[in-house]
Amino acid sequence: MIPKKAFVVKGTGVHKDKLASFELALRDGGIEKFNLVTVSSILPPNCSVVSQEDGLADLKPGQIVYCVMAKNQTNEPRRQIAAAIGNAVPVKSKDYGYISEHHSFGEDERTAGMYAEDLAATMLATTLGVEFDADSAWEEREQVYKASGHIFDTTHYCQCAQGDENGLWTTVVVAMVFVI
C-alpha cells in the first residue's frame with residue numbers, strides 16, 4: 001500500500017464550535033467527505049504530486065484516505081495562526097522524500113512556510129548524509145542542499161488566518177493527501 005500520487009489542499013473555517021470550525025476548514029480544502037488518517041512525514045519513492053483536481057478525481061466519499069496534516073486553531077480575537085507543510089524531494093526517484101508539518105502563532109505565510117520547507121529539507125539532508133551548518137540561515141542551507149546533488153526540489157504550502165474578531169473558533173489546515 002504505497003501511494004503513487006499526492007496532492008495538497010488548504011482551508012480555513014470559522015464557527016462557534018471548535019470541531020465545526022475544523023470541519024469547515026476541511027470543506028474549504030475539499031476533503032471533508034473522506035475518513036482522514038494522519039500519517040508521518042515520508043513522501044514515498046516515485047510518488048507524483050498532482051493537482052488537487054486530479055487527486056480528488058481518484059477518491060470516493062467515505063473512503064479512508066491517508067494524509068500528512070498541519071492544523072492550527074484559536075478562539076482569541078485577531079490572533080494570527082498558521083499551518084504549513086514543507087516538502088523535500090530527492091534527485092533519485094527511488095529514494096523517499098520528506099514532508100514536514102509546522103503549526104505556529106504570530107507568523108506570516110512566508111515565515112511559517114519557509115520554516116516548514118527548511119524542516120523538510122533538513123530532515124532529508126540528514127538522512128542523505130549532506131553536511132551543513134545547522135545554525136546557518138535557511139537560504140544558505142538551501143544552496144548547500146541543492147548543490148550536494150541529492151535534493152531536487154523543496155517547496156512549502158501555508159494557510160494563515162487571524163482569529164475571528166468576535167472570538168469564534170478559527171481553524172487553518174494544510175494537508176498533503178495520498179492517493180493509493
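Select serine 41 to begin, and colour it by accessibility: at 15% relative accessibility this residue counts as buried, because buried means under 20% relative accessible area, with exposed being over 50% and partly exposed in between (1.4 Å probe, protein chains only). The model is a predicted one, in which local features need pLDDT of at least 70 and side-chain atom pairs count only at pLDDT 80 or more, while totals for chains, interfaces and linings use all residues. Residues are numbered from 1 along each chain as its sequence is written, and side-chain values use heavy atoms, with hydrogens and water left out.

Stay with serine 41, which sits in the loop between β2 and β3 (42-43); strands here are DSSP runs of E with at least two residues, helices are runs of H or I with at least four, and both are numbered from the N terminus. Show its surroundings, and you will find contacts to Gly97, Tyr98, Ile99, Glu101 and Met123, residues up to four places away in sequence not being counted, where contact means heavy atoms within 4.5 Å. An unreviewed UniProt entry carries the annotation "modified residue: Pyruvic acid (Ser)" over Ser41; such annotations may be inferred rather than shown by experiment, their positions are given in the numbering used here, and feature names are shortened.

Next, display the open sheet of 5 strands, whose order is β2-β5-β9-β1-β4 with mixed pairing, two strands being paired if DSSP finds at least two bridges between them. The edges are held by β2 (35-38) and β4 (48-49), each with a single partner strand, so one side of each is left without a neighbour in the sheet. Between β2 and β5 (residues 64-74), which run parallel, there are 4 bridges, and in β5 the bridge partner of leucine 36 is valine 65.

Now select helix α1 (residues 18-29), which lies across β1 (5-15), β2, β5 and β9 (169-179) and runs at about 135° to β1; the axes are lines fitted to C-alpha atoms, for helices over the stretch in contact, and angles run from 0 to 180 degrees between N-to-C directions. Within helix α1, pick serine 21, which counts as buried at 0% relative accessibility and touches Gly13, Val14, His15, Trp169, Thr170 and Thr171, again leaving out residues up to four places away in sequence.

Finally, move to asparagine 46 in the loop between β3 and β4, which has a positive phi of about 60° although it is not a glycine, and which counts as partly exposed at 48% relative accessibility.
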